[in-house]
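This briefing goes through selected features of the structure shown below. The points are grouped by topic.

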Number of protein chains: 2
Amino acid sequence: MDNSISMAVIKRLPKYHRYLKELLDRDVKRISSKELSEIIGFTASQIRQDLNNFGGFGQQGYGYNVEDLYKEIGKILGLTKTYKTVIIGAGNLGQALANYTSFGSYGFELVGIFDKNPKIVGLEINGIEVTDVDLMKKFLENNDVDIAYICTNKTGAQFVADILVQAKVKAIWNFAPVDLKVSEDIRVENVHLIDDLLTLSYFLKEQGE
Amino acid sequence: MDNSISMAVIKRLPKYHRYLKELLDRDVKRISSKELSEIIGFTASQIRQDLNNFGGFGQQGYGYNVEDLYKEIGKILGLTKTYKTVIIGAGNLGQALANYTSFGSYGFELVGIFDKNPKIVGLEINGIEVTDVDLMKKFLENNDVDIAYICTNKTGAQFVADILVQAKVKAIWNFAPVDLKVSEDIRVENVHLIDDLLTLSYFLKEQGE
């Protein structure tokens with residue numbers, strides 16, 4: 001595996017994966033970089049360049065075999081195994097994520113939900129009982145959790161992140177609007193919903209000019 | 001305004017805006033592209049190139065004036081006016097978004113929430129009563145709504161989008177896992193939460209190799 005693959009390429013792979021899944025569902029067997037370009041919105045040369053990073057799966061004059069490409073990208077994205085996940089913060093957002101059954105179909109298995117609010121602790125969400133956050137560290141140490149979704153408010157997020165680091169959770173998906181300070185061996189993806197809105201306001205402004 | 005600004009640049013602007021806000025909050029007056037690079041994670045040359053698209057606000061040997069740059073990027077992003085927004089689908093996700101007060105501070109004003117579930121219609125969320133979706137079209141026509149957040153399930157999303165197009169809403173922020181078919185004069189941003197998870201699984205796989 002070439003380790004010099006840029007973050008930009010990696011960030012595009014999930015999109016390839018999603019579109020190839022749709023093609024597969026529509027029983028499309030093969031596709032050219034030009035056709036793929038039209039549905040996915042990257043240029044054909046960008047697509048060829050991206051996929052070359054991983055050895056290139058296309059054949060001149062044939063294009064890409066959709067199923068092979070889908071499977072290969074799935075492998076590259078690490079989707080050949082399952083990942084244990086937990087949610088911390090079972091407010092509206094945490095509950096929404098707990099009910100996203102599609103995550104499970106990709107292999108992201110939800111094994112625990114934690115909250116500190118006594119009114120929420122004990123509730124069952126999507127078949128999982130919400131546990132007191134005070135018991136989280138012990139749970140994490142016993143359950144080899146891969147990814148934690150932080151759905152707390154801004155104030156609670158760093159406290160939670162510190163426990164996750166101590167318990168050697170491997171990755172954090174952070175929905176709290178704060179930059180977490182964590183050790184370098186834990187991977188963090190921050191969700192900034194406001195960024196999408198600012199992209200929309202940019203375009204609304206451009207239209208109005 | 002140069003209309004050839006690439007989507008990639010536009011997508012980076014909200015991140016500049018967020019980091020500049022943090023610098024402002026910490027009372028930082030000026031910053032070099034190198035220092036900005038260290039906190040924001042783009043290269044200094046990328047930063048200079050990005051900001052040159054908009055006329056360039058830096059001065060040789062001084063760097064950027066944080067407040068000026070923050071205000072300029074805010075202007076570019078269309079944050080000098082307010083936008084009327086509605087939420088369709090008041091399940092957990094819709095309720096979570098309704099309670100994100102930070103959107104309001106950017107000028108995205110929530111003016112309506114709609115759902116079809118009789119158990120949810122009539123509830124008050126963040127001071128706004130959930131209205132029956134059957135009344136939505138009339139509401140939209142009377143209220144000049146800029147952006148609609150679709151938080152329905154996959155099945156309901158296209159039905160809702162058709163009404164939004166008819167009522168001349170200008171932009172859609174789509175959380176439903178489906179590609180909407182809409183006319184070209186309506187701007188759509190799709191949220192694909194799974195993409196973040198696939199980025200994380202990529203890195204977990206790389207670590208494990």
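Predicted model: local features only at pLDDT ≥ 70, side-chain atom pairs only at ≥ 80, totals over all residues.

Ile172(B) is located in strand 8 of chain B.

**Ile172(B)**
- Ile172(B) counts as buried because 25 C-beta neighbours fall inside 10 Å, where the cut-off for a buried residue is 20 or more.
- Beyond its neighbours within four places in sequence, Ile172(B) is in contact with Ala148(B), Ile150(B), Ala161(B), Leu164(B), Leu180(B), Val182(B), Ile186(B) and Val188(B).
- Tyr149(B) is 23 residues away from Ile172(B) along the chain, yet their C-alpha atoms are separated by 5.9 Å.

**Strand 4 of chain B**
- Strand 3 (residues 83–88) of chain B pairs with strand 4 of chain B in the parallel sense, over 6 bridges.
- Strand 4 of chain B also runs parallel to strand 6 (residues 128–132) of chain B, joined to it by 3 bridges.
- Phe114(B) in strand 4 of chain B has Ile88(B) opposite, and Phe114(B) also stands opposite Thr131(B) in strand 6 of chain B.

**Helix 4 of chain B**
- Val66(B), Leu69(B), Tyr70(B), Ile73(B) and Ile76(B) are the buried residues of helix 4 (residues 66–76) of chain B.
- These residues lie on the same side of helix 4 of chain B, because they cover an arc of only 125 degrees around the axis.
- An α-helix has 3.6 residues a turn, so residues three or four places apart point the same way.
- Asp68(B) and Lys75(B) are exposed and sit on the face of helix 4 of chain B turned away from its buried side.
- The buried residues of helix 4 of chain B pack against helix 1, strand 1 (30–31) and strand 2 (64–65) of chain B, and also against helix 9 (193–208) of chain A.
- Gly78(B) follows helix 4 of chain B and has a positive phi, near 80 degrees.

**Contact between the chains**
- On chain B, 45 residues are in contact with 45 residues of chain A.
- Helix 9 of chain B gives the most to the side of chain B that touches chain A, with 13 residues.
- That side of chain B has 24 nonpolar, 10 polar and 11 charged residues.

**Domains of chain A**
- The domain assignment of chain A gives domain 1 (7–75) and domain 2 (83–194).
- The C-alpha centres of domain 1 and domain 2 of chain A are 32 Å apart.

How values were computed
Residues numbered from 1 in each chain as written. Chains lettered and ligands numbered in written order. Domains from an automatic or database assignment. Contact = placed C-beta atoms within 7 Å. Helix = DSSP H or I, 4+ residues; strand = E, 2+ residues; numbered from the N terminus. Nonpolar A, V, L, I, M, F, W, Y, C, P; charged D, E, K, R; others polar. Buried ≥ 20, exposed ≤ 12 C-beta atoms within 10 Å, placed from the backbone. Pairing = 2+ DSSP bridges. Arc of directions from axis to C-beta.
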